[in-house]
Amino acid sequence: MANDKSLIEILKSRGVSRRAFLKFCTTTASMMALPPSMVPAIASAMENARRPSVIWLSFQECTGCTESLTRSHTPTVEGLIFDAISLDYHHTLQAASGDAAEHAREEAMKENYGSYLLVVDGSIPLDNPGYSTIAGISNLDMLKETAKGAAAIISVGSCAAFGGLPHANPNPTGAASVADIIKDKPIINVPGCPPIPVVITGVFLHYLTLGTIPELDGLGRPKAFYGQNIHDRCYRRPFYERGQFAETFDDEGARAGWCLYKLGCKGPITYNACATMKWNQGTSFPIESGHGCLGCSEPRFWDMGGFYTALSEPTLDVTRAVGVAAAVGAGAGLAVGAVNQIKKKRAQSNHETVSVDDYKEDA
Ligand code: FSX
């Protein structure tokens, strides 16, 4: 249960040296887009931090989010941080099952009422409560009941944040996001299908060290990780500017590493840290592996016109006019509809009111 050991005690017991700890604090500050001057404050906060109780609920999802988190961090310090939260309930990771598992959730809620973190992955079916139940409790009822005593909610993955795959047209279960349902709690959206594991732990870290939720964009995503689009940080961007595009996945352009825009890359309308933080401990990310970005951290990405369909035909004007593209704030070469959609997304000022259904008119 929570609050039994401080974070530094846990790290020490696992053989993490002071030097490694401080290095980790520096990395954490950088990950959270905080200035180096914040490192001592982070170190001090982490030394005194107690493990928050975390209740993790999984609804309509593929478990990719949990796979992403668990497979990528052992035995790094980020992994230890994951150990350092008190994960009191998690369908996939907990040893208990049946009544014992449900009691663990109820006990954690009772013991830590008002202070526990609720993490949700997966969307919630609204059309028929029987579509998805846990211990005979509908996802909707379990979410509402567990959210009541939560200090904050982290929606991990695009399903929980925006509806994700279950919400894809024609949305047969009436899938809804957490923010569609819960209106009276701070909600941090950590989208991606799945999200980058270091981003998930980074959000935990922010809460753990600073006791606050990070600064969010109009879609409830932490700006530190979702503040820039893939296109702006993509190493293939110079090819885009020169109008050099792969036309097929096996042509000379593809072999030379040219831009994948014409092959359907959604990098220009996708806000995520893949191009900078990468995956598998910084090894690569989809575009580096030769595949366009699917836009998985954006609402309704399954319905964005096809993974291999270009956003629009890039023109000489837009491919060469970087300054103009920057001025419209949405990357170059976008179809007018896509630009409008992005502007609308960025204009949202209150993430709690953001719903996937807000974007229906743009479909
Ligand atoms: Fe969804 Fe996550 Fe994609 Fe899967 O929990 S964001 S389908 S990776 O597993 O919710």
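Thr-92 touches Thr-63 and Thr-66, not counting residues up to four places away in sequence, where contact means heavy atoms within 4.5 Å. This is a predicted model, in which local features need pLDDT of at least 70 and side-chain atom pairs count only at pLDDT 80 or more, whereas totals for chains, interfaces and linings use all residues. Residues are numbered from 1 along each chain as its sequence is written, and side-chain values use heavy atoms, with hydrogens and water left out.

**The chain as a whole**

- The protein chain has 18 helices and 9 strands, these being DSSP runs numbered from the N terminus (H or I of at least four residues for helices, E of at least two for strands).
- Of the 363 residues in the protein chain, 55% are buried, a class that means under 20% relative accessible area, with exposed set at over 50% and partly exposed in between (1.4 Å probe, protein chains only).
- Among contacts between residues at least 6 apart in sequence, 76% join residues at least 24 apart.

**The sheet**

- An open sheet is formed by 5 strands in the order β2-β1-β3-β7-β9, with parallel pairing; two strands pair if DSSP finds at least two bridges between them.
- The edge strands, each pairing on one side only, are β2 (86-90) and β9 (187-190).
- From one strand to the next the twist averages 20 degrees, with axes taken as lines fitted to C-alpha atoms (for helices over the stretch in contact) and angles running from 0 to 180 degrees between N-to-C directions.
- Strands of a sheet pair through backbone hydrogen bonds, either parallel or antiparallel.
- Strand β3 (residues 116-121) pairs with strand β7 (residues 150-156) in the parallel sense over 6 bridges, and Tyr-116 stands opposite Ala-150 in β7.
- Helix α7 (residues 139-147) packs on the sheet, where it touches β1 (53-58), β2, β3 and β7, and its direction makes about 160 degrees with that of β3.
- Strands β7 and β9 run parallel and are joined by 4 bridges, with Val-156 standing opposite Val-190 in β9.
- Because 6 of its 7 residues are buried, β7 is largely enclosed by the rest of the structure.
- Strands β1 and β2 are likewise parallel and joined by 4 bridges, and the bridge partner of Val-54 in β2 is Leu-87.
- Strand β2 is mostly covered, with 4 of its 5 residues buried.

**Surroundings of the ligand**

- The ligand is surrounded by 13 residues, of which the closest are Cys-62, Gly-64, Cys-65, Cys-159 and Cys-193; a residue is counted as near if one of its heavy atoms lies within 4 Å.
- An N or O atom in the side chain of Glu-61 is 3.2 Å from an oxygen atom of the ligand.
- For Cys-65 the atom concerned is a backbone N or O, which lies 3.2 Å from an oxygen atom of the ligand.
- A polar side-chain atom of Asp-121 lies 2.9 Å from an oxygen atom of the ligand.
- The elements that give two or more residues to the shell around the ligand are α4 (64-71) and α8 (158-162).

**Helix α3**

- In helix α3 (residues 39-48), the residues Val-39, Ile-42, Ala-43 and Met-46 are buried.
- These residues lie on the same side of α3 because they cover an arc of only 100 degrees around the axis, the arc being that of the directions from the helix axis to the C-beta atoms.
- On the face of α3 turned away from its buried side are the exposed residues Pro-40 and Asn-48.

**Two individual residues**

- Thr-92 is found in the loop between β2 and α6 (98-111), and its 43% relative accessibility is why Thr-92 counts as partly exposed.
- Although 26 residues separate Thr-92 and Thr-66 in sequence, their C-alpha atoms are 8.0 Å apart in space.
- Arg-105 lies in helix α6 and is buried, with a relative accessible area of 1%.
- Leaving aside neighbours within four places in sequence, Arg-105 is in contact with Ile-55, Leu-57, Tyr-89, Ile-137, Met-142, Glu-145 and Thr-146.

Key: Polar contact = N/O pair within 3.5 Å; in protein donor to acceptor, adjacent residues only side chain to side chain.
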